[in-house]
Amino acid sequence: MARRYELIVFDWDGTLMDSTSAIVASIQAAARDLGLEPPSDERASHIIGLGLIDALRHALPDLPAERYQAVAERYRYHFLARDHELLLFEGAKELIDELTRAGHFLAVATGKTRKGLDRAFEVSGLGPRFHASRCADECHSKPHPQMLEELMDEFGVEPEATLMIGDTTHDLLMARNAGVAALGVAYGAHPRDALEAESPLYCAADVPQLAAWLRERA
C-alpha cells in the first residue's frame, strides 16, 4: 500500500519525551531564583514548544526584556539538573522503529535549542532514527512555518504528503501555517479541548492510540 505521508515530523517535549512537568518546574524555579512571581502551572505549560525567549515573554509578560537572558540561564540550569530523570513516553521508541521500517522520512521540529536536542537524542538513543531536525535557535519559533517548510524542501516532499505530530496548539498552528496535516497528542502540555479546537485529523490519548492511527492511515 502506498504511504499517504512520506514525511512525518514530530515535536519532541511532551510528544516523544515525558518532559512537561520538568519544563514547568524549571521555568517556575528560574523565576523564583530572580525574585519573580512564578507563572502558574497552566501558564507555564502553555508556552511549551516555543523557543525559550519567546516562551519567557509569554510566561513572564511584565519582565523587562533585558532580564530574559538571566531567566533563560537559570531555566537551563534547573532543566539540566532534571535531565537525567527524563524518559521517552512508553511505546515511543517502538513507534519510531515501526515508522522507520515502513519507509517514512522522520524528522523533529522542536522549541529546543540544537544543543538541547542533540543531548536528548543521545540520552534517548533515538537520534539515528531521524533523518533531519529543526530547532528554535535555527529557525523562527513555532507557530511560524519555517521549520516545516525547510524540512519539506530538504526531502522534496509536498505539503499534502507531510504530517506534523505535536502536543501543543503551537505545533498544530505551525502545521496549518505550512499547509500540512496534523495530529494532536493529549498526553503532553496542552489539554485535549485546546488541541481539538485547532481541528487536527485526530487527537490521541496516548502513544498506543497514536501508533494505531498511524499504522492504519499513514
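**The domain contact**

Domain 1 and domain 2 bury about 1,400 Å² between them, with 52% of that on carbon and sulfur atoms. Buried area here is the accessible area (1.4 Å probe) that two parts lose on being put together, summed over both. On the domain 1 side, Leu86, Arg119 and His170 lose the most area to domain 2. Together they make up 37% of what that side buries.

This is a predicted model: local features need pLDDT of at least 70, side-chain atom pairs count only at pLDDT 80 or more, and totals for chains, interfaces and linings use all residues. Residues are numbered from 1 along each chain as its sequence is written, and side-chain values use heavy atoms, leaving out hydrogens and water.

Now the division itself. Domain 1 covers 7-18 + 86-217, and domain 2 covers 19-84. These bounds come from an automatic or database domain assignment. The C-alpha centres of the two domains lie 22 Å apart. Domain 1 gives 18 residues to the contact, and domain 2 gives 18 residues. Contact means heavy atoms within 4.5 Å.

One salt bridge crosses the interface of domain 1 and domain 2. A salt bridge is a side-chain nitrogen of Lys or Arg within 4 Å of a carboxyl oxygen of Asp or Glu. Elsewhere in the list stands Asp83, whose side chain meets that of Arg119 in a salt bridge at 2.7 Å, N to O.

**Other charged pairs**

The count comes to 16 salt bridges. Among them is Lys112 with Asp13, at 3.3 Å, N to O. This pair links distant parts of the chain, 99 residues apart. Lys112 sits in the loop between β2 (105-109) and α6, and Asp13 in the loop between β1 and α1 (20-33). Helices (H or I, at least four residues) and strands (E, at least two) are DSSP runs, numbered from the N terminus. Lys112 is buried, with a relative accessible area of 11%. Asp13 is buried too, at 9%. Buried means under 20% relative accessible area, exposed over 50%, and partly exposed in between (1.4 Å probe, protein chains only).

Asp97 and Arg129 form another salt bridge, their closest N and O atoms being 2.5 Å apart. Asp97 lies in helix α5 (residues 92-101) and Arg129 in the loop between α6 and β3, so this pair ties together parts 32 residues apart in sequence. Asp97 counts as buried at 18%. Arg129 is partly exposed at 22%.

Asp11, Lys142 and Asp171 are linked in a network of salt bridges. Pro143 lies in the loop between β3 and α7 (146-155). Most peptide bonds are trans.

**Rings**

The whole structure holds eight aromatic pairs. Rings of Phe, Tyr and Trp (its six-membered ring) pair if their centres lie within 6.5 Å; planes under 30 degrees apart count as stacked, over 60 as edge-to-face and the rest as tilted. Phe10 and Phe130 are edge-to-face, 6.5 Å centre to centre, with 75° between the planes. Phe10 lies in strand β1 (residues 7-10) and Phe130 in the loop between α6 (114-124) and β3 (132-134), so the pair ties together parts 120 residues apart in sequence. Both Phe10 and Phe130 are buried. Tyr75 and Phe79 are stacked instead, 5.8 Å centre to centre, with 20° between the planes. They are four residues apart in helix α4 (residues 68-82), so about one helical turn separates them.

Finally, Trp213. Its place is in helix α10 (residues 207-217). Trp213 is buried, with a relative accessible area of 7%. Not counting residues up to four places away in sequence, Trp213 touches Tyr5, Leu163, Leu183, Leu201, Tyr202 and Ala218.
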